[in-house]
Amino acid sequence: MPSALRLLPLLATLTLSAAMAAPLRWAAQNDILTLDPHSQDHNPSNVIGTHLYEGLTRLGQNYRPEPSLATKWTYVSQTQVRFDLRRGVKFHDGSPFTADDVVFSFGRITQPQGTKQTYVSGIKEVRKIDDHTVDFLLEAPTPMLLQNIIAFPIMSKVWSVKNNATSTQDYKAKEENYASRNANGTGPYKLVSWQPDQAVKMVANKDWWDRNAGNITELSYLPIKSAPTRVAALLSGDVDIVTDLPPQDFFKLKEAGKVKLLEGPEIRTVFFVMDEGSDELRESSVKGKNPFKDKRVREAMNLALDREAIKRSIMRGLSVPAALMVPPGVNGYDAALDAPLKPDLDKARRLLAEAGYPQGFEVPLHCPNNRYVNDEQVCQAAVSMWAKVGVKVRLIAAPFSTHSQTFQRGESPFYMLGWGVSTYDALYALQAWGHTRTNGADGNFNFGKVSDARLDELIQKIKFEPDVPTRNALIKEALLRIRDEFLFIPIHHQIRPWAMKPGVDTLHRSNDYFEARYTTIK
């Protein structure tokens, strides 16, 4: 009898743990593109990847880098940083994590067919010191190193070699490899399955080195393209959380009070990209030249866009009209500089005429229909606005998986893109889409072929400038250069409320990263 009594507290604890453990169903409109952690710098893919893979550092609740697979780092010199790796960590297949995996992953993420080289920018070499120590050798002092490598996922070298996945997936070429459909990280969740356009399913990693603050034992990510269907699924209880609540439903749900809403800005700017490098604009009515090479045409396209009307009629007030190409909350943002041009159709027509297009011209616009908040509706509104100044835009809307492949192959002369600044510093954005395209990190997402010598010079200085005031002044000059040369057409900075069942508690993140490890459900 006494032994049975001693068992009662243990049984009670086990029962409580079983009751606390819970599955969670999470819905958003856009499916992931791939499971290959080095292939696509695409937010939904990265968010799923964060559950499966880890970097040497990770983003803390205060948005600052904190130890992850590295326990500490020491600056041997300004260009040599030593990382002590966490001992006892295992990949999901049970194999040990060592320095060899870090060296291997650096070589893999820098391959040119991927789009994530920006995160290891400034790193010249990763050198193994011993099984639990690596040195990062830098080109020059790199102020953003610890923030950047948060998004440098570490893969198992042994697993990658075994499964013929040592090369990063070439997504734009529609290539598949073992890593694009399977995963083997060190993260808090393990992959169960991915059925494209249906579900990504994961289970908690019981052998994770860290403590899971939440109680989510099973996680299902459900891409539901239709906004009404997503909201209906939440209200009916078929899903537990929606992380891209449509603006048209936000106020109705807030008034009804049946679900919990977490409000907050997202560090994402949505904009239009023009092909400014090709000698002839693809599928345009203009032959033998490219209208977008002319600053007057780019300015006219900006002047024709009524951002306040888009905010009012399409975004239901849940957007911040943009002039700058980085959003509030990012180092380098200045609200005083972020005043969009007021629409001026007469000036736009005059500029087009001066540039040699008094009757305007025709061009296709490629737009996603399942990625950004009301993306296709925003594109439709913009098309009608440009028509008023004579620019006849033919809208081609497609799921983001197709849209992304098309512009990465250079087949989109004009397209919509959104950019979330995951490092919370403007350099990440400037370097990716503002720098002249190279085979490395510089310009790795510059599919509009923007090439401005002064902007390139500024970005190179920003990368390595250690003095904060000097660096911020360079960022300001770069952002103003982009704004005043009309190198892009910024639309707005997104506001992204999340909606969930009353029993769900989670941490809202401005980078739009839902993390199950911070989540509990009752």
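I began just after helix H13, where Gly-410 takes a positive phi of about 80°; helices here are DSSP runs of H or I with at least four residues, strands are E runs of at least two, and both are numbered from the N terminus. I noted that this is a predicted model, in which local features need pLDDT of at least 70 and side-chain atom pairs count only at pLDDT 80 or more, while totals for chains, interfaces and linings use all residues. Residues are numbered from 1 along each chain as its sequence is written, and side-chain values use heavy atoms, with hydrogens and water left out.

**Helix H13**

I then looked up H13 itself (residues 400-408), and found that seven of its nine residues are buried, so it is largely enclosed by the rest of the structure. Buried means under 20% relative accessible area, exposed over 50% and partly exposed in between, with a 1.4 Å probe and protein chains only. The buried residues of H13 are Phe-400, His-403, Ser-404, Gln-405, Thr-406, Phe-407 and Gln-408. Their cover includes strands E15 (362-368), E16 (392-398) and E17 (414-420), where contact means heavy atoms within 4.5 Å.

**Gln-494**

Next I turned to Gln-494, which lies in strand E18 (residues 489-495) and counts as buried because its relative accessibility is 2%. Its side chain reaches the backbone nitrogen of Val-373 at 2.9 Å. Leaving aside residues up to four places away in sequence, I found Gln-494 touching Pro-265, Glu-266, Arg-268, Val-270, Tyr-372 and Val-373.

**Lys-254**

For Lys-254, in helix H8 (residues 247-256), I noted a relative accessibility of 45%, which means that it counts as partly exposed. Lys-254 touches Leu-261 and Glu-263, again not counting residues up to four places away in sequence. I also checked Ala-499, 245 residues apart from Lys-254 along the chain, and the C-alpha atoms of the two are separated by 9.5 Å.

**Helices H14 and H15**

Last, I looked at H14 (residues 426-434) and H15 (residues 453-464), whose axes come within 10 Å and cross at roughly 140°. That angle makes H14 oblique to H15, since angles under 35 degrees count as roughly parallel, over 145 as roughly antiparallel, 65 to 115 as roughly perpendicular and the rest as oblique. The axes are lines fitted to C-alpha atoms over the stretch in contact, with angles running from 0 to 180 degrees between N-to-C directions. The contact is made by Leu-427, Leu-430, Gln-431 and Gly-434 of H14, and by Leu-455, Asp-456, Ile-459, Ile-462 and Lys-463 of H15.

How values were computed. Polar contact = N/O pair within 3.5 Å; in protein donor to acceptor, adjacent residues only side chain to side chain.
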